[in-house]
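Q: I would like to learn how to read the features of a protein model. Please take them one at a time, with the general idea before the case.

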Amino acid sequence: PARAEVDTAHDVPRDIVTMHSTVLVRDLDDERSEVYTLVFPEDADIGRKRISVLAPIGTALIGYRAGDLIEWATPGRTRRLLIDEVLFQPEASGGRERLAELQR
């Protein structure tokens, strides 16, 4: 039996956080909003708001969608973020070719 489903880029809903998605999130404890892009570890750069998929916030975000509340434990507290909007998703915007074009 198959353990995973393989979808084409066109099958992924536009509001799902995938690799290289840019998301607007709101911290529900202080109401501050941030924009992050989910990247592979070698491309992570907190100064440019590029978050590694292997960082706790990255693993918390991937696969969720706009409107979802995500929670994860950090030293001293539980973080609560609301995904307000998926601003960019490669699958909805022409795939990796479009991403490469936007990053130039």
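Q: In the hairpin of β1 and β2, how many residues lie between the strands, and which residue takes a positive phi?
A: Strands (E, at least two residues) and helices (H or I, at least four) are DSSP runs, numbered from the N terminus. Two strands pair if DSSP finds at least two bridges between them. Here the hairpin of β1 and β2 has five residues between the strands, and E31 takes a positive phi near 65°. The two strands pair in the antiparallel sense over five bridges, and V25 has E34 of β2 as its bridge partner. This is a predicted model, in which local features need pLDDT of at least 70 and side-chain atom pairs count only at pLDDT 80 or more, while totals for chains, interfaces and linings use all residues. Residues are numbered from 1 along each chain as its sequence is written, and side-chain values use heavy atoms, with hydrogens and water left out.

Q: What is the order of the strands in the sheet?
A: The open sheet has five strands in the order β3-β2-β1-β5-β4, with mixed pairing. β3 (50-52) and β4 are the edge strands, each pairing on one side only. From one strand to the next the twist averages 45°, where axes are lines fitted to C-alpha atoms, for helices over the stretch in contact, and angles run from 0 to 180 degrees between N-to-C directions.

Q: Which strands run parallel?
A: β2 and β3 run parallel and are joined by three bridges. Within this pairing, L38 has I51 as its bridge partner, and V39 has S52. By contrast, β4 and β5 pair in the antiparallel sense over six bridges, with E71 opposite R80 in β5. β4 and β5 form a hairpin with two residues between them, and G76 in its turn has a positive phi of about 95°.

Q: Is β2 largely enclosed or open?
A: Burial is judged by relative accessible area: buried means under 20%, exposed over 50%, and partly exposed in between (1.4 Å probe, protein chains only). Five of the seven residues of β2 are buried, so this strand is largely enclosed by the rest of the structure.

Q: Which residues touch the most other members of the largest nonpolar core?
A: In soluble globular proteins, nonpolar side chains tend to be buried together. A nonpolar core is a set of buried Ala, Val, Leu, Ile, Met, Phe, Trp, Tyr and Cys residues joined through side-chain atoms within 4.5 Å. The largest one has 16 residues, of which V17, V23, V25, I57, L61 and I70 touch the most other members. Two or more residues come from each of β1 (22-27), β2 (33-39), α1 (56-61), β4 (69-74) and β5 (77-88).

Q: How are salt bridges counted, and how many are there?
A: A salt bridge is a side-chain nitrogen of Lys or Arg within 4 Å of a carboxyl oxygen of Asp or Glu. The count comes to eight salt bridges. One of them joins D15 and R65, with the closest N and O atoms 3.0 Å apart. D15 is in the segment before β1 and R65 in the loop between α1 and β4, 50 residues apart.
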